[in-house]
Amino acid sequence: MKSNVGGIDKVARIVVGAVLIGLALTGTVGAWGWIGVVPLATGLFNFCPLYPLLGISTCKTKR
């Protein structure tokens, strides 16, 4: 897996994922909050499986 998530995108994914999971744990948003696992995982692993299909990369390229 080539890294394709970087910078602000990575931080935003981790924060949004953690917030959604936290809200699910407290019962504020119900079971839908567990969808936060997806952005949290993609932020932690620096890879989004949808990005290659769309031709997107937010990771800085090494030159």
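Student: How many of the residues count as buried?
Tutor: This is a predicted model. The chain has 63 residues, and 25% of them count as buried.

Student: What secondary structure does the chain have?
Tutor: Three helices and zero strands. Along the sequence, the pattern reads α-α-α.

Student: What size of box do the C-alpha atoms fill?
Tutor: Roughly 45 × 20 × 15 Å, taken along the principal axes.

Student: What about contacts between residues at least 6 apart in sequence?
Tutor: Of those, 62% join residues at least 24 apart.

Student: New topic. How many disulfides are there?
Tutor: The count is zero. C48 is in no disulfide, and the nearest cysteine sulfur, in C59, is 13 Å away.

Student: Why does that distance rule out a bond for C59?
Tutor: Because a disulfide needs the two sulfur atoms within 2.5 Å, and 13 Å is too far.

Student: Are those cysteines buried or exposed?
Tutor: C48 is buried, at 8% relative accessible area. C59 counts as partly exposed, at 25% relative accessibility.

Student: Okay, now N46. Where is N46?
Tutor: In the loop between α2 (37-45) and α3 (50-54). N46 is partly exposed, with a relative accessible area of 21%.

Student: What is phi there?
Tutor: Phi of N46 is near 60 degrees, a positive value in a residue other than glycine.

Student: Why point that out?
Tutor: Because most residues other than glycine have a negative phi.

How values were computed. Residues are numbered from 1 along each chain as its sequence is written. This is a predicted model: local features need pLDDT of at least 70, side-chain atom pairs count only at pLDDT 80 or more; totals for chains, interfaces and linings use all residues. Side-chain values use heavy atoms; hydrogens and water are left out. Helices (H or I, at least four residues) and strands (E, at least two) are DSSP runs, numbered from the N terminus. Buried means under 20% relative accessible area, exposed over 50%, partly exposed in between (1.4 Å probe, protein chains only). Contact means heavy atoms within 4.5 Å.
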